[in-house]
Amino acid sequence: MTPEHQPPTGTSATDTHDPLFGPPPGCPAGALGPGGLHRLYGAGAEDLDDLYERLREQYGPVAPVLLHDDVPMWVVLGHAENLQVVRSPSQYTRDSRIWAPLLDGRVKQDHPLMPHIAWQPICSHAEGDEHLRLRNAVTSAMATIDHRSVRRHIGGHTQHLANSFCERGRADLVAQFAEHLPMAVLCEILGMPEEYNDRMVQAARDALKGTETAIQSHAYVMDALNRLTLRRRARPEDDFTSHLVMHEAKLSDDEVREHLRLVLFAAYEATANLLANALRMVLTEPGFRARLNGGQMTVPEAIEQSLWDEPPFSTVFGYYAKQDTELGGQRIAKGDGILFAPAPGNIDPRVRPDLAASMQGNRSHLAFGGGPHECPGQDIGRAIADVGVDALLTRLPDVQLACAEDDLRWRSSIASRHLVSLPVRFEPKPQQDADMPPRAYAGPGLPADLRLPAQRRESQGAALPAAVPPPRPAPEPPVPVGAPARGPWQRLLRWWRGE
């Protein structure tokens, strides 16, 4: 016997006159479930961006939807309403143990989204004093990260990756760059650089995709994190994991492992998506390349535009109502589930009436969340994207898309939209010393208008500036009288080496 599925809050099976239960004009019947609600999965939900806009038109900034197994949920489409959810811990929690469909048995333990929904002993699911204890340990460990050293690692790994394909004149910037650079840098930050390899990258991607081998891939990653935890418990070093282990909050080994998993998976997926999206925009949208070439936009500003247009996570599971309340004109009942949704929230017509308009200088997007659970590692993600994209464009200034833009494909889920591949072509380039800053190639056949301003200056004998301004350095000692002045190139080398 099929169990009866109740719609979210404020309605009943007898409210058939309510427009909530009537399919919108032109909507395919396969996209509708019990109560006439739209499914965010299956037939009719292949293009979630389009579906979100139809839901916005039908319901306004908050819409009722169905997850897998026709479990009811609210999706927040408005920018202001998304911020209201994340900034109101007295009304909404990330603790799924109060979620009504979970309590009444409609969500089974084998539900496809259970890995995202199930409560875990991590700061992003905790509240009150426990949240403060765990969050403080994570943010304190984050604060010990040397950002100059991180930028040096990003630049070095970018050089290594570029060296692996620069002589061929072609590459897939998703599989060979965007999916590798974040993992390489995160392994350095966590304190396990020896674990970075193709197997770790493939395991992380597989675990996040939810394939038939996802459980084994997840176990592979967790085994590495377990070894790291035990190693740092026995012998701490100067890395993120050691500072997490030694923090005064006294996290257990399980808590350390779970937070390492949270940092690794969340930061990896978000940054890989951000890199791929930013590179695609540079390659396919003339305005991006023109503004970069003309010096009207910096790479960090281009990254922020990408965070507006294609946030790394489309939605985040999940928030849950702690009491009966109202949101965006909808009645939300205690125990209802809510999807925080950066993708539709970032294009709310109330804040972006013209999507073609530049958002340069505006960081009020929803890409990193907000409130008590705002992403604590967003500056690391930005740095990986900023330095990585800038260094790659310096190495390959003539890089072009090697397929029709319409041939690009995405792997979409409720949580994210991941570019499958980004094939490019360019004139073959020589390898470079990975311990040195990237140098622009000024060989024959490269039109001057394809070079970034910094590259054009370098070809004329000037120095290449740093990809992203590093933290303010300590004052340099005075130069002795008669000694040659330290020029910009020498200062750049000092920054690159972390001196």
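Mentor: Helix α5 crosses helix α12 in a right-handed way. A crossing is called right-handed if the near helix is turned clockwise from the far one by less than a right angle, and left-handed if it is turned anticlockwise. The helices here are DSSP runs of H or I with at least four residues, strands are runs of E with at least two, and both are numbered from the N terminus. The model is predicted, so to speak of a local feature takes a pLDDT of at least 70 and to count a side-chain atom pair takes 80 or more, whereas totals for chains, interfaces and linings use all residues. Residues are numbered from 1 along each chain as its sequence is written, and side-chain values use heavy atoms, with hydrogens and water left out.

Two packed helices are described by the angle between their axes and the distance between the axes. Axes are lines fitted to C-alpha atoms, for helices over the stretch in contact, and angles run from 0 to 180 degrees between N-to-C directions. For α5 (residues 128–143) and α12 (residues 253–284), the axes come within 12 Å and cross at roughly 60°. The two are therefore oblique to each other: angles under 35 degrees count as roughly parallel, over 145 as roughly antiparallel, 65 to 115 as roughly perpendicular, and the rest as oblique. On the α5 side the contact involves Glu130, Arg133, Leu134, Val138 and Met142, and on the α12 side Glu255, His259 and Val263. Contact means heavy atoms within 4.5 Å. By class, these residues are four nonpolar, one polar and three charged. Ala, Val, Leu, Ile, Met, Phe, Trp, Tyr, Cys and Pro count as nonpolar, Asp, Glu, Lys and Arg as charged, and the others, Gly among them, as polar.

The next pair is α9 (residues 198–209) with α10 (residues 214–234), whose axes come within 8 Å and cross at roughly 130°. This pair is therefore oblique, and its crossing is left-handed. From α9 the contact takes Arg199, Met200, Ala203, Ala204, Asp206 and Ala207, and from α10 it takes Ala214, Ser217, His218, Tyr220, Val221 and Ala224. Eight of these residues are nonpolar, two polar and two charged.

The contact includes His147, Ile154 and Phe165 of α6 along with Asp379, Val387 and Arg395 of α16. Its classes are ten nonpolar, six polar and three charged residues.

The loop between α15 (342–346) and α16 (378–395) holds Gly369. Leaving aside residues up to four places away in sequence, Gly369 touches Phe340 and Glu374. Gly369 and Arg87 are 282 residues apart along the chain, and their C-alpha atoms are separated by 9.5 Å.

Now the sheets. Strands of a sheet pair through backbone hydrogen bonds, either parallel or antiparallel. Here two strands pair if DSSP finds at least two bridges between them. Strands β3 (residues 71–76) and β9 (residues 337–340) run parallel and are joined by two bridges. Val75 stands opposite Leu339 of β9.

Arg39 lies in β1. Its side chain makes polar contacts with the side chains of Tyr41, at 3.2 Å, and Asp70, at 2.7 Å. A polar contact is a pair of N or O atoms within 3.5 Å; within protein, one must be able to donate a hydrogen and the other to accept it, and residues adjacent in sequence count only if both atoms are side-chain atoms.

Another open sheet has three strands, ordered β5-β13-β10, with antiparallel pairing. Two bridges join β10 to β13 (residues 423–425), and Val424 in β13 is the bridge partner of Leu401.
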